[in-house]
Amino acid sequence: MLKPDAVKRRLAGEVIGRFEKRGLKILAAKMMVINKELAETHYGEHAEKPFFKDLVDYITSGPVLATVIEGEECISMIRKMVGATNPQEADMGTIRGDYAIDTGRNIIHASDAPDSAKREISLFFDESEICEYVLPDEELIYEEP
Ligand code: GTP
Ligand code: MG
């Protein structure tokens, strides 16, 4: 999910482009303004953290671009491309390392495990909004079909 800072800073295309160029497949993408309830559910694991209120305020402060992205080992690969939570600790070349400065304005959310990806996708998308299709250049990207 591209967070409101990414959308407002017109970085959404840039970031999605990185995933596309890597060879990943965009199955769904939707601009939306998240309400407080959805934000609190999405980030429920952080409910007891001191930064929770700021996090919910931030993620509901403007439009986000929610996406579903598919590819082999996609979750760990995207987490690596995203970089460390604190952009100042994120490697150069990562999304947060290249575009962000503060932890509370770190551009992008990425699911951290298959279970959380499933849960989060179902929070943001109906099944009918997720497009299944074949990339015509898959054999140029993957060794095995
Ligand atoms: P997400 O992909 O957004 O879930 O980030 P993450 O998995 O790298 O980090 P984590 O799940 O631990 O934290 C969720 C979000 O809460 C982070 O992306 C930050 O925006 C915010 N956050 C985490 N730790 C802090 C903190 O110490 N201070 C503040 N202000 N925000 C924090
Ligand atoms: Mg997280």
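Me: What pattern does the protein chain follow along the sequence?

Reply: Read along the sequence, the protein chain goes α-α-β-α-α-β-α-α-α-α. Helices (H or I, at least four residues) and strands (E, at least two) are DSSP runs, numbered from the N terminus. This is a predicted model, where local features need pLDDT of at least 70 and side-chain atom pairs count only at pLDDT 80 or more, while totals for chains, interfaces and linings use all residues. Residues are numbered from 1 along each chain as its sequence is written, and chains are lettered from A and ligands numbered from 1 in the order in which they are written.

Me: How many helices and strands does the protein chain have?

Reply: Eight helices and two strands.

Me: And what does the C-alpha trace span?

Reply: About 45 × 35 × 25 Å along its principal axes. The radius of gyration of the protein chain is 15 Å, which agrees with the value near 15 Å for a compact globule of 145 residues. That radius is taken over C-alpha atoms, and the globule rule is 2.2 Å times the number of residues to the power 0.38.

Me: Switching to strands. How do β1 and β2 run?

Reply: Antiparallel, with seven bridges joining β1 (residues 25-32) to β2. Two strands pair if DSSP finds at least two bridges between them. M31 stands opposite L65 in β2.

Me: Is β2 mostly covered or mostly open?

Reply: Mostly covered: six of the seven residues in β2 (residues 64-70) are buried. A residue is buried if 20 or more other C-beta atoms lie within 10 Å of its own, exposed if 12 or fewer, and partly exposed in between, with C-beta atoms placed from the backbone. Of the 145 residues of the protein chain, 23% count as buried.

Me: Where do the side chains go in a regular strand?

Reply: They alternate between the two faces of the sheet.

Me: New topic. Which residues are around ligand 1?

Reply: H46, F51, D54, L55, T85, T103, G104, N106, H109, A110 and D112. Being near here means that the C-beta atom, placed from the backbone, lies within 6 Å of the molecule or strand.

Me: What classes are in that shell?

Reply: Three nonpolar, six polar and two charged residues. Ala, Val, Leu, Ile, Met, Phe, Trp, Tyr, Cys and Pro count as nonpolar, Asp, Glu, Lys and Arg as charged, and the others, Gly among them, as polar.

Me: What does UniProt place at H109?

Reply: The feature "active site", from an unreviewed entry. UniProt positions follow the numbering used here, feature names are shortened, and annotations may be inferred rather than shown by experiment. H109 sits in the loop between α6 and α7.

Me: Why is H109 called partly exposed?

Reply: Because it has 17 other C-beta atoms within 10 Å.

Me: What does H109 contact?

Reply: M1 and K3, leaving aside neighbours within four places in sequence. Contact means that the two C-beta atoms, placed from the backbone, lie within 7 Å.

Me: Where is K3?

Reply: In the segment before α1 (4-8). K3 counts as buried because it has 26 C-beta neighbours inside 10 Å. The UniProt annotation "binding site", again from an unreviewed entry, covers K3 and R96, among others.

Me: Is R96 buried or exposed?

Reply: Buried, because 23 other C-beta atoms lie within 10 Å. R96 lies in helix α6 (residues 95-99).

Me: And E127, buried or exposed?

Reply: Exposed, because E127 has 8 other C-beta atoms within 10 Å. E127 is in the loop between α7 (114-124) and α8 (138-141).
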